[in-house]
There are 2 protein chains.
Amino acid sequence: MSALTNAIEILRCFSSARPDLSFADVMALTGKPKSSTSRLLRALRDCGLLEQDPHSRRYRPGLLTFELGRLHRAHDDLISMAERELREVCARTGHTGYIAVLDGYEQVVLRIVPGSNPLRVVNPPGQRTPALATSNGRAMLARLSDEDIRARVPATYPKLPRNSPQNFKQLMARLNEIRRTGASEAADESIEGVGSQGFALKSGETGEMIGIAVSYSVQATTASERANVRRELAAMAEKLRRMTGDLIDQSVARVQAGPR
Amino acid sequence: MSALTNAIEILRCFSSARPDLSFADVMALTGKPKSSTSRLLRALRDCGLLEQDPHSRRYRPGLLTFELGRLHRAHDDLISMAERELREVCARTGHTGYIAVLDGYEQVVLRIVPGSNPLRVVNPPGQRTPALATSNGRAMLARLSDEDIRARVPATYPKLPRNSPQNFKQLMARLNEIRRTGASEAADESIEGVGSQGFALKSGETGEMIGIAVSYSVQATTASERANVRRELAAMAEKLRRMTGDLIDQSVARVQAGPR
DNA sequence: AAGGTGGTTCCAAATTTTGGAACCTTGTCC
DNA sequence: GGACAAGGTTCCAAAATTTGGAACCACCTT
């Protein structure tokens, strides 16, 4: 599927860091010849996966992506359940909640539940982050086999924030700690000044896995507030595991806190 | 681009009426042979445009569509759309444009689009003004229920400029006139010597509402220029309503002009 | 066992794709 | 006006990919 593969390669050039691209951008990023690029962009534009600004000539994701994206897991029971419970936790704690999924060694935020706290962590859904550097990301990785983790982490270990695991050995130590203690937490990692706690949840029926986290400002959140978040997430995790048939060892059933 | 075209054909089978599809569904909907369908679905799954529920075997839009759709949405939200259109109107008319939202009985200016006219109305974003005394403010109020309007206007009617409605009865008369004629316009109200015309726009999807206005100096703007502004805003309103799914009666679809 | 669903693989013919070269349009600068 | 750059488009022959029918597979139900 060479044409399709090439088209997808172009689609993957778009990100929140690069929401729109020029003809030359696409050429540089993909390394494809001018004529191939021209034909591919035209095909993508004609089918609705890309659209082009008439003035700037720049390309961006088109309406079809929006229409399809809205359908993505719109009727996912696991996510709906988790989101309902998370809303209550965020209403009580005032902090912002996230639901994310793993893709490779990265995670993608699917849902955000705003808190009432005036100091707000702002991150749009759809954002991609190394799962190695987030609380819920690490919680999800800890639920995988070591082989699976090894296969996901790039051979060239990604450059991560200072407080995140700096190599595979450190990562595995962190993950084993999460497996042992049930605690996944971090501060000043993927976002400076922001801490979070999270856990992973699996559907016993489908095997689907999501990572749930609550984040807050490190400086503005007291130790007792953090302890409260821990208790809230522990209760939430236990409730959701019962609801979804998430089989997990009791020894790691406690809340896993992490960065985010 | 036959493979790409066929893949897109499959993607277009998904809708909110059919958020996920089985192998047989796809075959029936596209009429493609089994082997082609199998290869196409596999390619779409491998590239992230579709994902497959491991339990039910059904296909649905994949993570990549979610991510790209979010990028599309970020570009195409209500305010961004309105601002882009307003820029063109202001470029053509030369006057200053405003986008505001309602907060209680007041409006808050979110965006300002400068015109080229040397006589310029200057108002900073974030400014609060009684919506009762502005063209776009009154246009937005006219879109609310009478109970909502009543709940927003303080029990002690606010002191307003001379040409603005001086009591609740006069306000309702003005709003009903806007509802009837679709015209919301004023002069010498919130700013002495300044007139404006505006309309309200609602997102069919989210219910979010904004008020859009173009303002000008009353003395320096001829009647034919004002008529031109009216035509420009009417065309802009119609276009935006189509784009946003703003359902409004045809009888009030004409431009509403107001003070500002 | 028969039948159905959800696929996968093989194969030769048909179709599409590819990249380099030549070309086009529009705009900017000297 | 000429030169250059950005953003493309079209042509062409060789290479690559795609196609649909047939055969096959795994699993489930009656």
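Ser80(B) counts as buried because its relative accessibility is 18%, where buried means under 20% relative accessible area, exposed over 50% and partly exposed in between, using a 1.4 Å probe and protein chains only. This is a predicted model, in which local features need pLDDT of at least 70 and side-chain atom pairs count only at pLDDT 80 or more, while totals for chains, interfaces and linings use all residues; side-chain values use heavy atoms, with hydrogens and water left out. Residues are numbered from 1 along each chain as its sequence is written, and chains are lettered from A and ligands numbered from 1 in the order in which they are written.

Ser80(B) sits in helix α5 of chain B, residues 78-93. Helices here are DSSP runs of H or I with at least four residues, strands are E runs of at least two, and both are numbered from the N terminus. Setting aside residues up to four places away in sequence, Ser80(B) touches Ala74(B) and His75(B), a contact being heavy atoms within 4.5 Å.

## How α5(B) meets α9(B)

Two packed helices are described by the angle between their axes and the distance between the axes. For α5(B) and helix α9 of chain B (residues 223-244), the axes come within 10 Å and cross at roughly 155°. That makes α5(B) roughly antiparallel to α9(B). Axes are lines fitted to C-alpha atoms, for helices over the stretch in contact, and angles run from 0 to 180 degrees between N-to-C directions. Angles under 35 degrees count as roughly parallel, over 145 as roughly antiparallel, 65 to 115 as roughly perpendicular, and the rest as oblique.

On the α5(B) side, the contact includes Leu78(B), Met81(B), Leu86(B) and Val89(B). Among the partners on α9(B) are Val229(B), Leu233(B), Met236(B) and Leu240(B). By class, the contact of α5(B) with α9(B) has 10 nonpolar, three polar and four charged residues. For these classes, Ala, Val, Leu, Ile, Met, Phe, Trp, Tyr, Cys and Pro count as nonpolar, Asp, Glu, Lys and Arg as charged, and the others, Gly among them, as polar.

Lys34(B) belongs to helix α3 of chain B, residues 34-47, and is exposed, with a relative accessible area of 60%. Leaving out neighbours within four places in sequence, Lys34(B) is in contact with Phe23(B) and Met27(B). Its C-alpha atom is separated by 8.8 Å from that of Ala24(B), 10 residues apart along the chain.

Helix α1 of chain B (residues 2-11) and α3(B) have axes that come within 10 Å and cross at roughly 80°. The two helices α1(B) and α3(B) are therefore roughly perpendicular to each other. Ala3(B), Asn6(B), Ala7(B), Ile10(B) and Leu11(B) of α1(B) meet Leu40(B), Leu41(B) and Leu44(B) of α3(B). By class, this contact has seven nonpolar, one polar and no charged residues.

## Two arginines with positive phi

Arg73(A) is not a glycine, yet has a positive phi of about 50°. Arg73(A) lies in the loop between α4 (63-71) and α5 (77-93) of chain A, and counts as buried at 13% relative accessibility.

Arg57(B), also not a glycine, has a positive phi of about 70°. Arg57(B) is placed in the loop between β1 (50-52) and β2 (59-61) of chain B, and is exposed, with a relative accessible area of 51%.
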